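Hi,

Here is the structure we talked about handing over. My notes follow below it.

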Amino acid sequence: MYKGMYIAASGAVSKMKELELVSNNIANSNTYGYKLDRMGFKDFLLTELNDMEQPNDARDMTYHSGVYTDRSMGGLIHTGNQLDAAINGPGYFVLDGGKYTRNGNFKVNSAGFLSTADGRLVQGTSGPIGIPNGDINISSDGNVSVNGVSIDKLQVVQFENPASVYKQGDSTFASEEPPVASNSTVEQGHLETSNVNIVREMVNMIELYREYEAHQKVMQSFDEATSKVTTGMANI
């Protein structure tokens, strides 16, 4: 009976954590360059059948195998803003501090450098890109020119192992692996939308909430059964 209670409780905890993940996906559905997160689970019986090591705590019946990110490309929308840029392909823009992003909603900061909305400097082949006043043009290979004069070239990179890239914020990424040059193209005046399907996430949220409620009811049933057994034994 108690083991059943633990199974239901661990299931409820798992559903709650998954609900938090889905909620974050929905909250970032309008964040440019955001990538969908999903939670993976390990099957207790599967590990047992495969003669894999079991945890010492018999109550822990459900395991998170970790959070994985869907790195598929979002849609491109036209903004017409000269400072907006989207990547068509698997690449990333390079930021200061060894960070990367696909959110090309850039601006010129107070010091005159191209930066992200949260203040990170966008890196060119010569370092941070200073933008003088004038007509800005970003070519498909990332070359930045102002009034027809070439200023620098946006660094666009990718990784041989895409799974090595992990999130460090809603649309900022990092990797322990060194990047390689990317053949992705740059689209000026465009932004990449989040790859979250808001309708699908809302449906997921409703289903997860119902599953969470089901686990709660099972726990309540076990609790009531335990109370009846305890009361019956006391009356013997």
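**Aromatic pairs**

The structure holds 4 aromatic pairs. The criterion is on rings of Phe, Tyr and Trp (its six-membered ring): centres lie within 6.5 Å, with planes under 30 degrees apart counted as stacked, over 60 as edge-to-face and the rest as tilted. Tyrosine 92 and phenylalanine 159 are edge-to-face, because their ring centres are 6.0 Å apart and their planes stand at 65°. Tyrosine 92 lies in strand β5 (residues 92-95) and phenylalanine 159 in the loop between β14 (156-158) and β15 (165-167), so this pair ties together parts 67 residues apart in sequence. Helices (H or I, at least four residues) and strands (E, at least two) are DSSP runs, numbered from the N terminus.

Tyrosine 92 and phenylalanine 159 are both buried. Buried means under 20% relative accessible area, exposed over 50%, and partly exposed in between (1.4 Å probe, protein chains only). Tyrosine 100 and phenylalanine 159 also form an edge-to-face pair, at 5.0 Å centre to centre and 85° between the planes. That pair links distant parts of the chain: tyrosine 100 is in strand β6, phenylalanine 159 in the loop between β14 and β15, and they are 59 residues apart. Relative accessibility is 7% for tyrosine 100, so it counts as buried. For phenylalanine 159 the value is 5%. Tyr92, Tyr100, Phe159 and Phe173 form one aromatic cluster.

**Ground rules**

This is a predicted model: local features need pLDDT of at least 70, side-chain atom pairs count only at pLDDT 80 or more, and totals for chains, interfaces and linings use all residues. Residues are numbered from 1 along each chain as its sequence is written, and side-chain values use heavy atoms, with hydrogens and water left out.

**Salt bridges**

There are 7 salt bridges in the structure. The test is a side-chain nitrogen of Lys or Arg within 4 Å of a carboxyl oxygen of Asp or Glu.

- Glutamate 201 and arginine 38 meet in one of them, at 2.5 Å, N to O. This pair links distant parts of the chain: glutamate 201 sits in helix α3 (residues 198-234), arginine 38 in strand β1 (residues 37-43), 163 residues apart. Glutamate 201 is buried, with a relative accessible area of 1%.
- Arginine 102 and glutamate 192 meet at 2.8 Å, N to O. Arginine 102 lies in the loop between β6 (99-101) and β7 (107-108) and glutamate 192 in strand β19 (residues 190-192), so the pair ties together parts 90 residues apart in sequence. Arginine 102 counts as buried at 4% relative accessibility. Glutamate 192 counts as buried at 1%.
- Lysine 15 and glutamate 18 meet at 3.9 Å, N to O. Both are in helix α1 (residues 2-27), 3 residues apart, so about one helical turn separates them. Lysine 15 is buried at 17% relative accessible area, and glutamate 18 is buried at 15%. Lys15, Glu18 and Glu211 are linked in a network of salt bridges.

**Sheet**

Strands count as paired if DSSP finds at least two bridges between them. β14 and β17 pair in the antiparallel sense over 2 bridges. Valine 157 stands opposite alanine 181 in β17.

**Single residues and surface**

Serine 171 is in the loop between β15 and β16 (172-175). It is buried, at 12% relative accessibility. Leaving out residues up to four places away in sequence, serine 171 touches Thr31, Tyr32, Gly33, Tyr34, Tyr100, Thr101, Arg102 and Asn103. Contact here means heavy atoms within 4.5 Å.

Which residue has a positive phi although it is not a glycine? Asparagine 147, at about 50°. Its place is in the loop between β12 (143-146) and β13 (149-153). Asparagine 147 counts as exposed, at 53% relative accessibility.

Ile198, Val199, Met202 and Val203 make a nonpolar surface patch of about 330 Å². Patches are made of residues with over 30% relative accessible area and no salt bridge, with like charges joined within 9 Å and nonpolar side chains (Val, Leu, Ile, Met, Phe, Trp, Tyr) within 5 Å. Areas come from the Shrake-Rupley method with a 1.4 Å probe; for residues, only the protein chains shown count as cover. Valine 203 is found in helix α3 and is partly exposed, at 40%.

Best wishes
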